[in-house]
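Please look at how the chains of this assembly meet.

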Amino acid sequence: MSDLEIRLLDEILRIQAIDCHSHVPAGAPHAQTLGDLLGYHYYTELLHSAGMPAEAVDPRKSEIERIGEMVGRLDTISNTVQYGWLMEVARELFGFSGDRLTPANSNELAQGIIEAGRQKDRYRAVLAKARIEKVFLTNRFDEDLSAVDRSVFVPCLRTDDLVFQIADPQVRRRLASKTGTEVGSPEEARAAVRWLMRYFVQHGAASAAISLPPDFSPHAPDEKAAGKALARAAAGKDLGAGDSAALAVFMFDLVADTCRQVHKPMQLMIGVIRDMYPAGVPGGRDLLSKRGSLADYADLFRRYPEVDFAVSVLSATWAHELASFAWIFPNVKPSGHWWYSNVPAHIEPDLRARLEAVPRVKLIGYYSDMYKVEFGLPKFNMYRRILARVLAREFVEPGRMTERQAIETAGLLLRDNAKRIFGV
Amino acid sequence: MSDLEIRLLDEILRIQAIDCHSHVPAGAPHAQTLGDLLGYHYYTELLHSAGMPAEAVDPRKSEIERIGEMVGRLDTISNTVQYGWLMEVARELFGFSGDRLTPANSNELAQGIIEAGRQKDRYRAVLAKARIEKVFLTNRFDEDLSAVDRSVFVPCLRTDDLVFQIADPQVRRRLASKTGTEVGSPEEARAAVRWLMRYFVQHGAASAAISLPPDFSPHAPDEKAAGKALARAAAGKDLGAGDSAALAVFMFDLVADTCRQVHKPMQLMIGVIRDMYPAGVPGGRDLLSKRGSLADYADLFRRYPEVDFAVSVLSATWAHELASFAWIFPNVKPSGHWWYSNVPAHIEPDLRARLEAVPRVKLIGYYSDMYKVEFGLPKFNMYRRILARVLAREFVEPGRMTERQAIETAGLLLRDNAKRIFGV
Amino acid sequence: MSDLEIRLLDEILRIQAIDCHSHVPAGAPHAQTLGDLLGYHYYTELLHSAGMPAEAVDPRKSEIERIGEMVGRLDTISNTVQYGWLMEVARELFGFSGDRLTPANSNELAQGIIEAGRQKDRYRAVLAKARIEKVFLTNRFDEDLSAVDRSVFVPCLRTDDLVFQIADPQVRRRLASKTGTEVGSPEEARAAVRWLMRYFVQHGAASAAISLPPDFSPHAPDEKAAGKALARAAAGKDLGAGDSAALAVFMFDLVADTCRQVHKPMQLMIGVIRDMYPAGVPGGRDLLSKRGSLADYADLFRRYPEVDFAVSVLSATWAHELASFAWIFPNVKPSGHWWYSNVPAHIEPDLRARLEAVPRVKLIGYYSDMYKVEFGLPKFNMYRRILARVLAREFVEPGRMTERQAIETAGLLLRDNAKRIFGV
């Protein structure tokens, strides 16, 4: 690292970040056992991919057995950036001093986690150390938000179920129980979704979020077809593929329109194919396809100019489209680096491309997507290091920015843009 | 920058470049007001994308109002490479000394531009300073070419209208008025296009050019279907989608065949979707899709082995296909880095890939695509810097080229190949 | 190069590599004339692409004429990495001392090759110098394997013909002659393929291999449809497109299933379009399309969990899918960098991405794809240099690996993983 890069990184590490997307559970935000860390799907799926049988981490096994199976195999994935996150968590947050995590020293770490986990509001100390000021949650629509610690957490309405599973009897029951509305018509769907969004906003929610398959194509809904599908669902009948598709398009549009009404952004996470590998470990069965195009979303972006769309794409091949669409559409905000694209090899070129061609006030730099607050530290640090590198090498060294401008730009990406766009 | 890179750049900056694609208007090639610079679509569209209402740059507003709206917001796009171009133009060509362009200092620049703009043949001084020897224009088919200053400008027949709008009554009228042929049959179309191309060649034109949507697929035309469509158009009737498609394929093929006849290259600019964001600012409404494949052009490349196709692709995802097709097809010449791919983050890897796998005598390194000659300087300088970096880091340092060979290769990319391929 | 990179490279150059894919002919593995080197399709196709008529290398011309045509034009491709391979072969293996290969000095090299080529078992000395321990061949199904020097070569059953040409009378004759089975039914196909695989395994074969077009989609075969197609083929009747497709899917599945039975990996080389440029030089007519997706192979990966699939992709746009699928599917092993992706500009980012996100025990780093053993040296050296660079810059310098761990990881990629996965 050059001196310049070190200076920039030093400043970037001080910025109090806004983490606009995570899966942290409000009721158990920090790790209380080593299993809470190793249970992160990255470790179970990578170890399984490297040869560990899925049964080795069967939830019916004791945590100690599962940890034993995993720790003995960590060397197979010791090259990965995800393994790097684990070691950084262990060292920075639990005082672990080993070079690698092995069966010989894992107990030491396990004890450290148990002890630290007992500290009151431990998650606040963890986030403070990670210099993360706010963490967005991704809440089920019928989650009770009253217990959320709003000094650090920001609720966010996850709408996957509403859009893609609204015909499922269980989802319908949960929705009726939460909103009091039995949804059998577009009007009732509208009432229910609006009720939910108002409830969420009242409890501090800053956005709605949804993950989408690569072939989803939002367009103006056919309300009549959606009505027919909802009526069938209400009558307990199965939906054909055409019905389901029309219903998903309608529900998606309803979510976007509701965001418009309440002046909240919508987080689009585009490109996941669920359950592509059903024999995998839990959380490690979804993959992607590079097919599809952001061009399919142009109609949505045109129809809702008042809604900010914070867009993440899963396939690296979509990155150029995302930067290009954000360059033209005022309401498209590139957001972070998602999942299979959340590795430095992809973050670095994508970040450079966004910084070179998208207005800096539009870039939501990073979010953690984490399930326990501990991972916010290494993930954001990874991003902060890449940001320092790109700003140093491509902007300050060639004279395109001063150091001050670079740090100011980093502040926009890590904090200010998210605060402004999400209104937090 | 290493000493090597500095030495290479120094030599590369001396090369008199050929700019084989621009939109410079022959009658007003250089800027006469600050509005001529800020009116470049990059600035209006990026500022609009960053939050400026499109109305702020409504042409019905006075230039001073529009400049005011823009300058006050430039900070929102100060990270972009396009903003960098503007500052380099201001500093290098107008003696501007500010760190950033702001409401406080923009008047100084505005005055400088007005003064410089009054100099006789100012554009020649600008191009000399940018070390650009020749600039290709992109002329409407009915443009009067007699006034073109052929000491620096090279006409080029833009064929978008002919291929995609030949059924449009206004285009037909313009064509009839220029060529004397009312086109109602394939034969008449042939006569008109050949007349145009001869006219262009007589006035120094070096190629035909066309921009194409990502799903266009050229193939051997169905002349009968095209004839039916032309007859309908001549009769003032609307064309169905099938008619339009057949007609476009026919007209495209006619242009390629005419290039063959006159021994001129055809510039293919592949991948733009027009008017994807109609509410945008003028010039800032087109976008792209990553769909499609250069494989759809293989038939064209096979059928016209005598025609050199200077190919540009808009989507970064097409870059590998372009380099691979140029590696195999003698008549495919990768040309520059177009529009949404014309940012260093994409130029650098694409240039490296082309230099590593495509014969160096085939690479048309760069063109400006500019609307005013001033932008040739920062755009070509951006490319020259990347070229020096790639040659230094990937070729000279690892011992794959000597410095002399690297500079010679740069000469091919910036000048010699374009001269040979386009015959200028 | 930093000191660290030099130290890593020094160690990496000592690793005895396994080359798991080549086209070396067992009976003539090393070059005996300069024509054996210059005849590599890279040189003929690149020179043709740069302007040399295909006739210049017509096989009916004498070798000396062909060499003359080529050497005089080498300067046009002197920038390419392939030219770099040639020079490294000349210098390292034949003591050539020129800066460039020219008509003035090519005779010196030609003589050196003839002399060296006469040495007994020259190929072993060449491979020893290249630090390549084993080289996989790609054998026609009816090749006689008894003469293969199994101290360095490992046979591999090429199945392209079986899968895509099984209806071809000549292929059928060759198959009947080799296996004794006239294939007219699925059962007979099964018998023949299993016979072949057993024969190959008995002769030391380590895998089956196939190259596939980008739109191939393997799925559970329709045995009835395949039976109909085989019966037609046996009766000498032509197959329709539907028949051919069903038959290819069946035969492909049969190969996969046979790999399962004999516990051998299957090498999938995905993405080539054959004969896209028929007027090209021999070996220089195939290209690619970026269309398609590895998602189409998920069904195969699910159905054969016991089979290791060593997967190569031809289009750079598939690289992210490959790394992501290998991250999740235990039986997907990313293998090398194939053909149009085998240039440093693509290897470097792809290698970095694989090293950051795929368990290191799964990565088959590199194979040569060579036709003469000489090219193993520069190709593997190219890869070793990139590996040293990526490990130094992205792993050791940022503290993610120690030097020892980096070298150990290099050993997995170059040698240990291939040994374990292929059982050699």
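A polar contact is a pair of N or O atoms within 3.5 Å; within protein, one must be able to donate a hydrogen and the other to accept it, and residues adjacent in sequence count only if both atoms are side-chain atoms. This is a predicted model, in which local features need pLDDT of at least 70, side-chain atom pairs count only at pLDDT 80 or more, and totals for chains, interfaces and linings use all residues. Residues are numbered from 1 along each chain as its sequence is written, chains are lettered from A and ligands numbered from 1 in the order in which they are written, and side-chain values use heavy atoms, with hydrogens and water left out.

Between chain B and chain A there are 25 residue pairs in polar contact, both residues at pLDDT 80 or more. On the side of chain B that touches chain A, two or more residues come from each of α3 (41-49), α5 (81-94), β8 (287-288) and α15 (344-357); helices (H or I, at least four residues) and strands (E, at least two) are DSSP runs, numbered from the N terminus. The largest share, five residues, is that of α3(B). Contact (heavy atoms within 4.5 Å) involves 40 residues of chain B and 39 residues of chain A. The two chains bury about 3,100 Å² between them, 57% of it on carbon and sulfur atoms; buried area is the accessible area (1.4 Å probe) that two parts lose on being put together, summed over both.

Four salt bridges join chain B and chain A, a salt bridge being a side-chain nitrogen of Lys or Arg within 4 Å of a carboxyl oxygen of Asp or Glu. B:Arg291 and A:Asp296 form a salt bridge at 2.8 Å, N to O.

Chain A also meets chain C, with 39 residues of chain C in contact with 40 residues of chain A. This pair buries about 3,100 Å², 56% of it on carbon and sulfur atoms. C:His320, C:Trp327 and C:Ile328 supply 26% of the area that chain C buries against chain A, more than any other three residues. The interface of chain C and chain A has four salt bridges. C:Arg360 and A:Asp75 meet in a salt bridge at 2.9 Å, N to O.

The structure holds zero disulfides over all chains, a disulfide being a pair of cysteine sulfur atoms within 2.5 Å. For A:Cys20, the nearest cysteine sulfur is that of A:Cys156, 8.6 Å away.
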